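Colleague: Could you take me through the surroundings of the ligand in this model? A close look at that one part would help me a lot.

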Amino acid sequence: MRHVPGPPSKLPGVGTTIFTVMSGLAAEHGAINLSQGFPDFSPPARLIELVAAHMRAGLNQYAPMAGLPALRAAIADKVLDLYGRRVDAGSEVTVTPGATEALFCAVQAVVHRGEEVILFEPAYDSYEPAVQLAGGVAVRVPLRRPRFDVDWDRVRDALTPRTRLIIVNTPHNPSGAVFARADLEALAGLLRGTRVLVLGDEVYEHMVFGGAAHHSVLTHEELAARGMVVSSFGKTYHATGWKVGYCIAPVGLTQEFRKIHQFVQFSVATPMQAALADFLVEAPEHHRQLAGFYQTKRDYFCRLLEQTRFRCTPSPGTYFQLADYSALSDLPDVEFARHLTIRYGVAAIPVSAFSSGARVERLVRFCFAKDDVTLDAAGERLKQA
Ligand code: PMP
Ligand code: GLN
């Protein structure tokens with residue numbers, strides 16, 4: 001067949017996501033997959049029953065574009081309960097197919113050609129391609145090591161008259177770092193008098209450890225007024241494969257957001273939405289207890305890592321744990337992650353996949369959202385490394 005040359009790539013620097021690559025490699029080599037972030041246990045049985053019941057009852061056609069009213073109301077109630085902010089379920093909450101689509105639509109909705117978007121590095125992999133497709137320019141500000149906290153002076157230096165958006169991710173993937181109240185204050189102070197908007201990626205909002213609070217953008221009056229906040233039911237309900245999330249934003253921003261969302265996805269799986277609406281009302285203890293549940297897993301996994309030559313500081317949030325492998329190998333992290341998968345049978349994510357620069361770090365990310373038997377088996381293999 002004759003090869004017809006394709007058009008120039010819109011994302012010339014982009015390959016296949018590291019999560020796809022590492023999960024593929026794990027499957028190919030029968031490795032324990034602690035790379036891509038997903039639980040190996042099920043959503044609550046009751047939630048699954050509710051989905052099935054709604055399917056049987058006939059909820060199998062398009063949901064409204066912005067989401068089922070009952071789910072939007074339940075989200076608004078949760079936001080009031082947890083963050084003390086009353087958001088309007090009709091005009092400020094949009095249900096989305098996961099956080100990924102919400103982040104993409106949020107960026108497309110507000111970033112114009114040539115405008116700058118500040119990201120913190122390491123940055124979740126979907127942010128920069130979204131910025132590029134909007135014609136924007138990503139400006140990466142490195143997080144401070146070893147705690148992966150924000151140096152707000154560097155953010156001040158990165159702000160220009162062209163800055164349109166800043167993307168903040170707390171709790172942070174891959175480091176697990178969480179914002180303090182002072183971070184929100186610093187951000188608000190820097191943005192006062194500017195036109196810069198805030199995109200809060202808060203998909204790990206219910207996984208903050210040590211009794212600390214999750215400092216949502218929604219808890220801050222000034223930031224909420226210029227903020228779009230994204231979350232994901234996939235993380236909270238052990239259901240990453242359902243791809244249901246949401247975006248909360250003031251009316252004007254939500255209107256622009258929906259103009260994009262309606263043509264990217266239009267609407268989200270109806271029976272899942274109905275079940276999540278019921279479950280949020282029926283079982284709020286699920287999200288209230290999630291931090292304790294994952295803190296126990298983190299501690300369990302860190303104790304296993306203590307018996308290996310990996311070094312780590314327990315993650316303050318998320319279901320990820322960074323581990324330093326410098327005592328094991330001099331390989332760059334991408335090669336080390338491949339080697340660990342193929343030779344020792346445990347897959348992890350190289351942290352450089354979240355970065356653009358040439359920083360040399362001997363860090364990999366493990367996902368500990370796994371049953372103890374899985375973590376035990378991984379621990380045994382990591383001891384051999
Ligand atoms: N943001 C961050 C920081 C994530 O880690 C993830 C996925 N793990 C997402 C967004 C995407 O979430 P979803 O699966 O709901 O699209
Ligand atoms: N967010 C998940 C992670 O960080 C992966 C999601 C995906 O594969 N796109 O592992």
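Modeller: Happy to! Ligand 1 sits in the largest pocket. Here a pocket is an open set of points on a 1 Å grid over the protein atoms alone, where a 1.4 Å probe fits, with protein on both sides within 12 Å along at least five of seven lines; a molecule sits in it if more than half of its atoms lie within 2 Å of its grid points. Please keep in mind that this is a predicted model, in which local features need pLDDT of at least 70, side-chain atom pairs count only at pLDDT 80 or more, and totals for chains, interfaces and linings use all residues. Residues are numbered from 1 along each chain as its sequence is written, chains are lettered from A and ligands numbered from 1 in the order in which they are written, and side-chain values use heavy atoms, with hydrogens and water left out.

The shell around ligand 1 has 13 residues, and the closest are Thr100, Asp201, Tyr204, Ser232 and Lys235 (near means a heavy atom within 4 Å). By class, five shell residues are nonpolar (Ala, Val, Leu, Ile, Met, Phe, Trp, Tyr, Cys or Pro), five are polar (the others, Gly among them) and three are charged (Asp, Glu, Lys or Arg). Helix H4, residues 98-110, contributes the most, with four residues (helices are DSSP runs of H or I, at least four residues).

Now the polar contacts, pairs of N or O atoms within 3.5 Å. A side-chain N or O atom of Tyr204 is 2.5 Å from an oxygen atom of ligand 1. For Asn173, a polar side-chain atom lies 2.7 Å from a ligand 1 oxygen, while a polar backbone atom of Ala99 is 2.8 Å from an oxygen of ligand 1. Taken alone, ligand 1 exposes 390 Å², and the protein buries 93% of that (Shrake-Rupley method, 1.4 Å probe).

Conventions. A polar contact is a pair of N or O atoms within 3.5 Å; within protein, one must be able to donate a hydrogen and the other to accept it, and residues adjacent in sequence count only if both atoms are side-chain atoms. On a 1 Å grid over the protein atoms alone, a cavity is a set of points where a 1.4 Å probe fits but cannot get out, and a pocket is an open set with protein on both sides within 12 Å along at least five of seven lines; lining residues have an atom within 4 Å of a point. Helices (H or I, at least four residues) and strands (E, at least two) are DSSP runs, numbered from the N terminus.
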